Amino acid sequence: MALKSAIRNLRNNPHFLFARLPNLLSFICVVVGVVWLLLLPLNEYSRQTYISENALLPGQVHAYFTGSEQNIFRGYKGELEGLLNDGQARGGQKDEAEVTAAVSDKLQSILQAAGLKIATQKYEYTSAGITHRGENTYAIIHAPRGDATEAIVLVAPWITADDKLNLNGVTLALTLARYFKRWSLWSKDIIFLITPDSKTGTQAWIDAYHDTHPASVQPLPLKSGALQGALVIEYPLDHRFQSLHIVYDGVNGQLPNLDLFNTAVAIAGGQMGIGADLQEMWGHDDSYEHRLQTMFRGMTKQGLGYATGAHSSFMPYHIDAITLQTKGEGWEDEMALGRTIESLCRSLNNLLEHLHQSFFFYLLMQSNRFVSIGTYLPSAMLIAGNFTIMAIALWMRTGYYPESKPSAKHKNEKASTEEKAKTNSIAERHLALPLSLVLGLHLLGLVPLWVFNNIFHQYFTITTYIFVVVDIILPLLLAAILSNGLGLSKPIIPQQYHLIKSFSLLLLGLSLSTLATLNFSLSFMIGLLCTPLSFVARLPGSAPFRLATSSLGLVLLKLVSPPTVLLGICWYMGISVEAVLTQAAFGWDVWGVWTQVVVWCVWWPAWLIGCVLLGSSMF
Amino acid sequence: MTVLSLFSLPLVTLILSLWSSSAFASSDYHEHLLLHPLPQSSLLASFNFRSNTSKQSFDQQHFRYLPRALGQILQHAHTKELHLRFTTGRWDAESWGPRPWNGSKEGGTGVELWAWIDARGDEEAFAKWITLTQSLSGLFCASLNFVDSTRTTRPVVSFEPAGDHSAADQLHLLHGTLPGEVVCTENLTPFLKLLPCKGKAGISSLFDGHKLFDAAWQSMSVDIRPVCSADGECVVQIEQTVDMVLDIDRSKRSRSNPIPRPVPNEQLVCDTSKPYNSDDTCYPLEKTNDKAWSLTEIFGRSLNGVCPLTDFDGSSDQSVCLRVPHERGVFISEEADEIKKDDGFTRCFKLAPSAPFDLSIPQQPVNTEVPLDEPVLHAERTIVGHGQERGGMRIIFGNPCNTSAVDFIYFESLPWFLRPYIHTLHATITGHDGVLREVPASEIVKETYYRPAIDRERGTQLELALSVPAASTVTLTYDFEKAILRYTEYPPDANRGFNVAPAVIRILDTAHNAPIYIRSTSLLLQLPTPDFSMPYNVIILTSTVIALAFGTIFNILVRRIVTLDEAAALGAQTLKGRVLGKFVALRDRLRGKDTKVE
């Protein structure tokens with residue numbers, strides 16, 4: 001009964017129902033969404049990781065990579081070091097290309113002597129006026145008794161993701177290749193891939209493997225079967241290491257199957273006694289703060305969607321991959337890393353099916369704690385939902401009564417009977433202008449998208465500043481045109497402002513809730529940055545008040561515009577705008593990152609419309 | 001043809017001639033083993049067992065060498081000619097050269113079966129084919145009963161009968177493959193039981209399941225065909241072969257200690273010329289091909305004399321042959337005799353009837369190598385593209401010969417859930433100049449035999465007659481779509497993918513009488529697989545809950561709640577409302593009466 005009467009009251013108070021309640025609901029959604037995320041690291045909401053795929057059997061085999069294999073490792077290392085030092089010592093005399101060729105020849109001869117099939121692949125990428133070229137060397141151990149239906153990839157890039165020389169990693173890959181060749185238990189082919197760097201090499205190789213490579217990348221002369229998993233070895237240190245850092249983020253926030261990560265953690269920690277870290281959290285004490293920090297770091301990487309290592313390029317092809325990086329100064333040597341990789345390969349070799357049992361959508365907060373999509377998704381969904389609620393409320397409001405009155409406040413004072421009569425009258429919606437404006441501005445987003453991915457890297461900084469200025473002028477210009485009807489047959493009516501906002505928020509809510517299922521973190525971040533847009537509208541009140549408030553509002557809104565956020569982050573992190581944008585353009589051209597699409601075609605238009613609405617109060 | 005001149009020919013001719021000689025004895029049995037060390041410390045061991053039974057005694061079910069179990073199956077299923085293959089692994093043509101028996105005794109990965117069946121029509125032939133596969137399935141402990149209509153094809157030009165058939169027979173060729181079948185010792189045991197000496201004596205005593213199935217590549221075959229001489233006398237010939245490529249290092253490991261542990265430091269063979277070479281640093285020197293091995297080490301047992309049922313005539317008393325350069329020393333058991341052939345590489349051994357035989361080759365640097373022929377054609381087939389909706393097939397044919405083009409038939413039988421688009425068949429050709437050219441497929445493909453698939457009934461059958469010009473590489477590509485299966489059609493390991501049978505290539509070479517066969521590797525096709533597990537259920541459940549909650553709230557907000565009077569007033573305006581109002585009034589009146597009665 002009480003509920004019924006409450007609802008009756010609601011209906012009798014249309015101002016509350018249409019103007020106040022949506023604001024309240026939206027705000028609650030945002031707050032609950034954020035609080036939800038903050039609750040996730042608690043024990044009650046996160047879970048202990050577990051191995052879901054029984055076939056993996058991590059750490060159940062004895063790893064034999066010890067003893068005289070270390071002598072071989074040192075031998076190979078001496079050989080490669082000799083070649084590299086030879087190039088360094090002579091400096092100017094010897095061309096870098098010559099050294100690269102000599103090293104590549106040596107790699108091939110070592111792998112061939114070990115009985116592997118070898119091949120090379122040259123590639124070249126051009127992005128933002130910078131050309132990246134290199135040559136991949138790879139070798140295949142044919143599975144004895146196998147028939148090239150499945151394969152595992154071991155990658156050793158010459159330059160790690162942190163731009164260090166990965167001499168130990170490459171040497172270890174060579175030693176393992178020779179060692180693995182002796183075993184007859186492999187059910188899958190093992191591919192050893194030596195790439196010149198962590199950014200381009202694997203991408204060129206994996207694209208060519210699936211025949212989706214651009215013309216500037218050579219096709220692969222030698223292939224195997226369906227790839228089941230990939231491991232990247234990074235050991236750039238020249239001393240013993242303390243722990244393994246497992247990097248798992250893929251391009252566009254895609255993640256490898258949680259089972260692969262868990263297997264790596266179980267083998268490193270359980271079998272080998274090497275600690276496993278993630279997200280550069282050294283000395284994780286399993287406290288709430290550290291868990292939250294780990295989760296936020298993971299979310300940042302996921303949201304930005306860039307490749308965090310050589311493994312990232314595998315993810316778009318549904319190949320699970322991780323990077324094992326050695327960190328710290330401790331007791332573990334290259335043989336311990338080798339045994340870890342041997343054990344991991346044995347686990348992957350056990351797989352009967354492609355990794356599919358465990359989670360693909362998760363947030364990790366400690367090497368043995370995670371939250372799955374069912375638990376964290378509502379957080380981003382609530383934030384995306386706040387826009388949808390607002391959009392629907394505005395749509396209903398525009399249909400129910402004509403907004404002839406200048407202010408909502410004024411309405412409130414009116415008698416309820418009069419209100420009731422008003423609510424029953426149905427208003428005609430003028431859709432043409434709002435629809436074309438919203439769609440037009442979203443299409444306009446293609447301009448910065450094209451500009452920021454196609455100009456040369458030297459112009460990135462200046463273009464960003466130009467865009468900051470454009471972002472100030474464009475909304476005011478549009479607002480002026482709309483309010484004064486410049487060139488239009490008749491000026492815009494208040495209902496249309498509501499409709500513009502409604503359509504804009506509807507699109508935003510729709511995009512973000514869809515995005516939340518694909519890239520949770522990106523959706524969450526954009527959603528948070530767009531939150532003010534739910535609450536900005538054409539202001540009521542006197543002209544000076546409106547001018548002052550809207551100017552202040554515009555300045556505040558300006559702070560959450562895409563270029564300003566970019567500049568702010570660059571300033572905070574101390575990196576140059578050019579570097580960030582070059583990386584972004586590279587991601588777009590080579591890795592196929594679509595974070596930019598979300599920024600320029602979802603976020604920026606929504607922000608622009610918010611500014612136009614606020615700016616229109618000035619006129 | 002004398003025996004000596006016979007062995008002066010290359011390996012292939014040698015095997016073929018052995019196989020064709022003395023084929024007309026009415027009832028006889030021969031066995032032969034050829035050992036051929038290959039590069040990369042591999043050893044090809046090629047076993048051949050052949051016996052004849054006269055047609056008359058076969059028809060009267062009077063079996064001597066031909067196994068009764070198999071003979072009766074053939075008679076029951078009216079099968080005139082049968083070819084059965086069990087294969088694992090892949091032949092590494094790049095290192096090992098051309099295939100043994102020109103590929104005619106091997107199958108694609110898994111099990112392959114084709115037979116000529118005498119029947120009046122297609123349906124009858126298929127019924128007999130099913131009988132045949134079911135019976136063979138029991139006999140060989142293989143899943144041959146899974147060769148159903150979707151896995152059966154009727155090749156037009158890829159296979160020709162090898163036997164001499166009477167014109168009265170209406171022969172139907174049926175072909176089936178099981179690419180996912182794992183060949184194992186359970187298939188070897190029935191295979192050995194078909195042999196007259198059943199693995200107890202003769203070369204078949206070398207078969208050990210552990211060693212045989214540890215081979216890098218192995219193929220077992222059974223061929224039965226009628227052979228007629230010019231004077232019309234016919235015999236039924238059964239030929240069984242086992243070919244395997246053993247890794248010498250791996251096979252030499254003892255069974256008690258099969259783990260390839262790192263060798264002790266002092267046993268490492270290091271390159272001492274390196275400046276950094278020391279006690280703990282070693283640049284390894286890989287061992288060369290001239291590894292020491294012996295029969296006992298490789299096969300884990302010694303050869304038990306000669307099968308007493310063997311007919312001793314001509315060359316067949318030299319049942320073991322070895323192809324190494326003559327300069328290489330070979331130690332054999334005392335009772336056996338060594339006969340060196342004058343081609344410089346082949347030597348055969350005459351075994352003592354009952355004494356065990358062993359041969360061993362010591363490690364010895366040699367200057368000459370046994371020459372390996374270049375394969376006539378390289379073929380590679382891969383699936384390209386990614387995603388669960390569509391993909392593409394890419395087949396690369398390389399002709400290494402500089403002078404002549406290669407003509408061949410390319411035969412592919414695809415499962416029905418892989419739907420090829422033949423109109424997308426494109427060809428590119430890379431000539432000796434290394435320039436890639438796009439050519440119309442019709443320029444390369446001379447003839448096409450295509451039988452499209454019917455969902456759940458039969459697979460696609462594609463036979464292409466192709467020609468690859470000299471010193472060129474031809475790449476054929478076509479696109480395909482992946483069908484969505486019904487959820488009950490998925491096997492338990494649906495996420496592994498589905499096996500696509502290897503393609504068969506038959507090279508029409510005029511120089512050889514017998515065609516050369518090459519088979520590609522099998523493929524793994526990822527189909528759109530429903531997630532039979534949790535995370536998506538979570539998404540679906542969450543979405544449902546949100547939709548429900550949203551729907552309810554939206555409903556409450558938008559629904560117009562009015563008092564009963566208002567509702568009546570509103571409702572009375574419509575026709576439906578009026579009718580309903582009358583009805584309600586009537587009901588109220590009736591009910592009112594009822595209460596009054598009470």
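The exercises below work through a predicted model, each with a solution in steps. Residues are numbered from 1 along each chain as its sequence is written, and chains are lettered from A and ligands numbered from 1 in the order in which they are written. As the model is predicted, local features need pLDDT of at least 70 and side-chain atom pairs count only at pLDDT 80 or more, while totals for chains, interfaces and linings use all residues.

**Exercise 1. Describe chain A as a whole.**

Solution. Begin with the secondary structure: chain A has 21 helices and 11 strands. Helices (H or I, at least four residues) and strands (E, at least two) are DSSP runs, numbered from the N terminus. Next take the extent: the C-alpha trace spans about 95 × 60 × 40 Å along its principal axes. Then turn to burial: of the 619 residues in chain A, 52% are buried. A residue is buried if 20 or more other C-beta atoms, placed from the backbone, lie within 10 Å of its own, exposed if 12 or fewer, and partly exposed in between. Last, consider contacts, meaning pairs whose C-beta atoms, placed from the backbone, lie within 7 Å. Among those in chain A between residues at least 6 apart in sequence, 82% join residues at least 24 apart.

**Exercise 2. Locate the two domains of chain A and describe the contact between them.**

Solution. The bounds come from an automatic or database domain assignment, which gives domain 1 (54-367) and domain 2 (376-616). Their centres, taken over C-alpha atoms, are 43 Å apart. Domain 1 brings 20 residues to the contact and domain 2 brings 19. On the domain 1 side, β2 (117-127) and α8 (288-304) of chain A are the elements giving two or more residues, and α8(A) gives the most, with 4. By class, this side has 10 nonpolar, 10 polar and no charged residues. Here Ala, Val, Leu, Ile, Met, Phe, Trp, Tyr, Cys and Pro count as nonpolar, Asp, Glu, Lys and Arg as charged, and the others, Gly among them, as polar.

**Exercise 3. Describe the side of chain A that touches chain B.**

Solution. The contact takes 52 residues from chain A and 49 residues from chain B. In chain A, α1 (2-12), α3 (69-90) and α10 (373-400) each supply at least two residues. The most come from α3(A), with 8 residues. The classes on this side are 19 nonpolar, 21 polar and 12 charged residues.

Methods
Contact = placed C-beta atoms within 7 Å.
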